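Please look over the sequence and the model below with a few local details in mind.

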Amino acid sequence: MSEKQGEQTSYSYAQAGVSIAAGNALVKAIGPLAKSTRRAGADAELGGFGGFFDLRAAGYEDPLLVAANDGVGTKLKLAIESGRHDGVGIDLVAMCANDLIVQGAEPLFFLDYFATGKLDNAVAERVIAGIAEGCRIAGCALIGGETAEMPGMYAEGDYDLAGFCVGAVERDQALVGNRVQEGDIILGLASSGVHSNGYSLVRKLASDKGWKLDRPALFDQDILLIEALMAPTRIYVKSLLPLIRQGHVHALAHITGGGLLENIPRVLPEGLHAWVDAGAWEQPRLMAFLQAQGHIEPEEMARTFNCGVGMAVVVAPAEVAHITADLEAAGERVFQIGGVQSGPRGCTVAGGPETWSARTAWSATHHG
């Protein structure tokens, strides 16, 4: 509508596509979710300009702080296209919390960033409910976050997520790889599915192969394919933290982007090489399905997907039996997948006639 001479149109933020009222309503709605994550050191109240955390109240004496941030990647596209928003918040927390526990750190508090073109409170509440659930599983407090409504930045219905988590570890319990020795055993903790890496390849396969995501999976008639693909990332914090504090763990590797081949070497000192036997555990049917559908080479599988192992645990041989028992009692499925030998820093994954090898000199320019 053109302006008449002498008249001016009054502009508002709402006319530009941003609803402050909707944002305020969302903060009010998610307040109880945040409160449900309260823990020693944090009251998980929302609404301030920042969140406090009391390390002394959490019981720490000489702590190091450890920070991690991450996202969910293109798994969000599957969530948006399928309308399954409830689990991606757990994924977001898992990707950060699992990265902290591998340093020996207990996740203490979490902040999230939710960005979209036009705020749909019903969707946002489902996502943030998942974040709160992930925080409860990880034992950390959801103390704040940011909801950004940015018209023109995202296609209709799209949103993006980022998470930021801070943890603490007593100085003498930090895991930095220096405890790993030749002869150590590598245990694998079962993943819950694809977790949150490799979804650009999953989505390409879904498109090229014409998968019917809302039909029972070919490898399991009791579950829809989309449900198998959207299973939230497993959070290993509460299973591993007691063992770390007892000094029984030499190193941990979160199997994310780069798979087994590139993540295990990140926790090895120079002069040590990890050998993994892919025949030591049964490959999940979902992983076998992905490999068959894409005719994916073994090395590509070991570098792109977790292949059924979400966390690698490096321990002394004498500790294997009781650590396995403790982890199983905590609800984990444990496999003995390999060991540590002398050799160039790296990882070899062997299975059948194939041997996959990665000998990467990890430098300061590499970001995990």
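The side chain of Thr304 has a polar atom 2.9 Å from the backbone oxygen of Glu300, a distance to be read against the definition of a polar contact as a pair of N or O atoms within 3.5 Å, where within protein one must be able to donate a hydrogen and the other to accept it, and residues adjacent in sequence count only if both atoms are side-chain atoms. This is a predicted model, in which local features need pLDDT of at least 70 and side-chain atom pairs count only at pLDDT 80 or more, while totals for chains, interfaces and linings use all residues. Residues are numbered from 1 along each chain as its sequence is written, and side-chain values use heavy atoms, with hydrogens and water left out.

Thr304 belongs to helix 10, residues 298-304; helices (H or I, at least four residues) and strands (E, at least two) are DSSP runs numbered from the N terminus. With a relative accessible area of 16%, Thr304 is buried, since buried means under 20% relative accessible area, exposed over 50% and partly exposed in between, using a 1.4 Å probe and protein chains only. Leaving aside residues up to four places away in sequence, Thr304 touches Asn197, Gly198 and Leu201, where contact means heavy atoms within 4.5 Å.

Asn197 is also touched by Gly257, which has Asn263 as a further contact when residues up to four places away in sequence are not counted. Gly257 sits in the loop between strand 8 (251-254) and helix 8 (259-263), and its relative accessible area of 42% makes it partly exposed.

Which residues of helix 9 (residues 285-294) are buried? They are Leu286, Met287, Phe289 and Leu290, and, seen down the axis of helix 9, they fall within an arc of 160° and so line one face of the helix; the arc is that of the directions from the helix axis to the C-beta atoms. An α-helix has 3.6 residues a turn, so residues three or four places apart point the same way. The cover over these buried residues of helix 9 includes helix 5 (199-209), helix 6 (225-229) and helix 10. Just after helix 9, His295 takes a positive phi of about 45°.

The structure holds zero disulfides, a disulfide being a pair of cysteine sulfur atoms within 2.5 Å. For Cys135, the nearest cysteine sulfur is that of Cys140, 3.8 Å away, and Cys135 is buried with a relative accessible area of 0%. The sulfur of Cys347 lies 11 Å from the closest cysteine sulfur, in Cys307, which is too far for a bond, and Cys347, at 0% relative accessibility, likewise counts as buried.

Four strands form an open sheet of mixed pairing in the order 1-4-2-3, where two strands pair if DSSP finds at least two bridges between them. The edge strands, each pairing on one side only, are strand 1 and strand 3 (141-149). Strand 4 (residues 159-170) is mostly covered, with nine of its 12 residues buried. Strand 1 (residues 63-71) runs antiparallel to strand 4 and is joined to it by nine bridges; Pro63 stands opposite Glu170, and Ala67 has Val166 as its bridge partner. Strand 2 (residues 106-116) also runs antiparallel to strand 4, through 10 bridges, with Ala115 opposite Asp160.
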